[in-house]
Amino acid sequence: MRWMWIDRVVELVPRQKMVAVKNVSLAEEHLHDHFAADPSRGLAALPVMPTSLILEGMAQTAGILVGHAEGFREKVILAKITRAEITRDAVPGTTLRYTATMDRFDAIGASTRGIVELFDHARPDRGFTQTGEIDLIFSHLDNNQGGAGRSGEAFPEHNFVFGEGFKTLLRCSGIAIP
Amino acid sequence: MTRDEIFGKVRDVLVNALGVDDDDVTPTASLVGDLGAESIDFLDINFQLERAFGVKIAQGELFPEGVTQDPRFVKDGLVTPEGLAALKTRLPHVDFSTFEKDPQISKVAKIFTVDTLVNFVEAKVNAKQPA
């Protein structure tokens, strides 16, 4: 199963917006290395969600939004991180919420804008607070590299982007797969 | 909209899309050679120009598609006269005067300069709102 970086889709407005959440858990092994204690420098362990994986979470959220627009027939590839700004660490016991909105969409690709918010379960009174913005560009692979024959590159015919991991996530979130 | 106003907006788009300084965006700067644009940046630039100027840019309208992969238009690493004619027809906003003296296919990306984008947008905006 593909490494999924969102736990549940909570809202999908086709071609417009998708909202997903990710619970940050100390059970996730990578948090034990990011950042591990370094006794030689007197540093205690500091488990925080790596920013690169927050980017991946937004990419998966926005990627599903883009893929859903054409019934997951297009191979949607993250092509460019236009802008990324994360201002606060996500520690275990918090929930990340990704809101991706469609900015541009056409045959060759799409651009999305994204807001990252954090919910601290120790401070529920604060609600979700914005901790970042991530804007992305996606390419429709068949229209840019393969099927249209522009580069002559060979890619698999089947849609290897939206595999079982995504289907399981959508099914568990009550989202119909076209 | 004046050409200077168009240039200003195009410069902002390129600063955003390519992460370059304002001063680097001169009219003759090549998008690939001078400003470091890569292929996917062209999609970004396309989208950002649409947003900045409120126009719709069709696939292949601003940057060419298919011409450089067509065996009729490229031979032995050079763009053929037929290929050059096709490019000129499809890209009226591009100045080919330098490229046609040495039409190596490897240099085709360098024909896109900041002025190229300004020419393109000027034509689009004028077509949308005739003076």
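Author: From the N terminus, chain A runs β-β-α-α-β-β-β-β-α-α. Helices (H or I, at least four residues) and strands (E, at least two) are DSSP runs, numbered from the N terminus. This is a predicted model, in which local features need pLDDT of at least 70, side-chain atom pairs count only at pLDDT 80 or more, and totals for chains, interfaces and linings use all residues. Residues are numbered from 1 along each chain as its sequence is written, and chains are lettered from A and ligands numbered from 1 in the order in which they are written.

Reader: What makes chain A as compact as a globular protein of that length?

Author: Its radius of gyration, taken over C-alpha atoms, is set against the globule rule, 2.2 Å times the number of residues to the power 0.38. For 178 residues the rule gives 16 Å, and chain A has 18 Å, which is close, so the label holds. The C-alpha trace spans about 55 × 40 × 30 Å along its principal axes.

Reader: How do you know which residues of chain A are buried, and what percentage of the 178 are they?

Author: Count other C-beta atoms, placed from the backbone, within 10 Å of the residue's own: 20 or more is buried, 12 or fewer is exposed, and in between is partly exposed. Buried residues make up 34% of chain A.

Reader: Why is R15(A) called partly exposed?

Author: R15(A) has 14 other C-beta atoms within 10 Å. R15(A) sits in the loop between strand 1 and strand 2 of chain A. Its phi is positive, about 70°, though R15(A) is not a glycine. Most residues other than glycine have a negative phi, and most peptide bonds are trans.

Reader: And D76(B), exposed or buried?

Author: Exposed. D76(B) has 7 C-beta neighbours inside 10 Å, so it meets the cut-off of 12 or fewer. D76(B) is in the loop between strand 1 (74–75) and strand 2 (78–79) of chain B. Its phi is also positive, near 55°.

Reader: Where is there a cis peptide bond?

Author: Between H34(A) and F35(A), with omega about 5°. F35(A) lies in the loop between helix 1 (30–33) and helix 2 of chain A.

Reader: How do you know that strand 1 and strand 2 of chain A pair?

Author: Strands pair if DSSP finds at least two bridges between them. Here five bridges join strand 1 (residues 8–13) to strand 2 (residues 17–23), so they pair, and they run antiparallel. E11(A) stands opposite V19(A) in strand 2.

Reader: What makes a nonpolar core, and which residues touch the most other members of the largest one?

Author: A core is a set of buried Ala, Val, Leu, Ile, Met, Phe, Trp, Tyr and Cys residues joined through C-beta atoms within 7 Å. The largest has 38 residues, where M18(A), I54(A), M58(A) and Y98(A) touch the most other members. Helix 2 (residues 51–69) of chain A gives the largest share, nine residues. A second, separate core of 27 residues includes V13(B), L14(B), V67(B) and L91(B).

Reader: How many residues does each chain bring to the contact?

Author: Chain B brings nine and chain A 13. Two residues are in contact if their C-beta atoms, placed from the backbone, lie within 7 Å.
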